[in-house]
Amino acid sequence: MKHRGRHRRRRRGRALRATLAGTALALTAAATLISASQATVADAPGALKPISASEGPGRLPLTEHRVPERWLDRLASSMGRPVGVGTVLAGADRTLRGAADCSTAEKHALPVEPAATRAYCFGGADTRGWRPGAVTTSGDADDDGRWGGNRVILSGWTRGAAGGGSMDGPAPERGLAKVAFVDADNLGRPRYTWALLAVPVDGGRDYRGLVSSLSGMVWYQDKLLVTTREGDRNALYVYDMDRIQRATVDSDAVGRVRGGWAAHGYRYVLPAVGSYALPGGDDVPRPAAVSLDRSTAPDSLVTSEWVSADGDRHTRLWRYALSRDPARSGLLATDSSGHADPVEAYETKTADVRGVLSYGSGWYIDRAADRPDGHGTLWRQDRDGARATECGTDETRQCWSGGSGSLSYWEATGEVWSQSGRTLFALPLASVDRALD
């Protein structure tokens, strides 16, 4: 994928933002106001506390490991020539329901204030038994918001929890991980299809399913970075969006089977091309939420760990620079030994963080709801303090989506995308900032 015409793309992006501002959906009524019984507000977390990224609790070096090219070539030789994102979208065989067709419970998952301007719901049949967790878009992949000629949303799911349910913590799921490729060129009727995430084994002669709770995911240039579960020394797995393989056998199995290759019944599979490993030790933190920040130079990956609300320490946040080397497109910047060190680190008093976003001087931190049917809080923090929207007659700060996970900012349109249960939604980042005034 070539990246060119940045100024032309930004002009198109400004025009698109103006169009979206004039056609925003009126979804405020879809999100029921919070009752007084839910008005208990966690103490404001205060300002972000900078900590050293080179030593102590702020140090979190990641070591890059690449799957040998010969493994990937051997797999492609057996499975057939890899395909790209456009081919996957051309075969999209499912349709997201629009906001009007979402159930009352699905609409209740939307933020109360600020209101979502777009909302869609996945079908129950193909998400039952799967847990949603991560969202990224072609707005992360390229600065014009497109990948090739397509606008795309990716939604990550993990098998092993009730479809549509909220996240109950970062405990590992004994299941597979899949990604919905959503064709966002026509947001009046977005269509999607599934691809399974896998890891090559046996020298590229086979693959296994990725067993991971997808709590975070970023698509940058031609790479997709996803979080991994507790117990895995790898912090992130890396996928190449130009190395999508077709499954040839419709079977619940995963990998090489009699007659060809299976991907748990899905038509496409992504074999990992690399990973980022954590340092040793039982107390090493793990990135749980990730997102892309295009407001830095170079672009950067930001991440947060998950700390329970009844934990005895603060949540840490990290920033990693992304490589500017064309030969390392989509990867973290590393030293000669393959180590990626954070360039910034912070502590926040916000606990139970399910999503993190950084843009400009602000960090947006999604704190989960206190109960399954409740709403969470979206804090905006910086070195000066923390603010959150107030809503309802009791002026509660629990105004955000209840079970939302990752946050992804589509710079070309100015929208933030997230997901709560089966409900995928978006709203302008500007509306979040205005609600804090």
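**Strand pairing and aromatic rings**

Modeller: Tyr409 stands opposite Val416 in S28. This is a predicted model, in which local features need pLDDT of at least 70, side-chain atom pairs count only at pLDDT 80 or more, and totals for chains, interfaces and linings use all residues. Residues are numbered from 1 along each chain as its sequence is written, and side-chain values use heavy atoms, leaving out hydrogens and water.

Colleague: How many bridges join S27 to S28?

Modeller: Antiparallel strands S27 and S28 (residues 415-420) are joined by 3 bridges. Strands are DSSP runs of E, at least two residues, numbered from the N terminus, and two strands pair if DSSP finds at least two bridges between them.

Colleague: What is the strand order in the open sheet?

Modeller: The order of the 5 strands is S4-S5-S29-S28-S27, with antiparallel pairing. Strands S4 (97-98) and S27 (408-410) each have a single partner strand, so one side of each lacks a neighbour in the sheet.

Colleague: Turning to the rings, how many aromatic pairs are there?

Modeller: The structure holds 12 aromatic pairs, with ring centres within 6.5 Å (the six-membered ring for Trp); planes under 30 degrees apart count as stacked, over 60 as edge-to-face and the rest as tilted. Among them, Trp400 and Phe425 are edge-to-face, 5.8 Å centre to centre with 70° between the planes.

Colleague: Are Trp400 and Phe425 buried or exposed?

Modeller: Trp400 is buried at 2% relative accessibility, and Phe425 is buried at 0%. Buried means under 20% relative accessible area, exposed over 50%, and partly exposed in between (1.4 Å probe, protein chains only).

Methods
Helix = DSSP H or I, 4+ residues; strand = E, 2+ residues; numbered from the N terminus.
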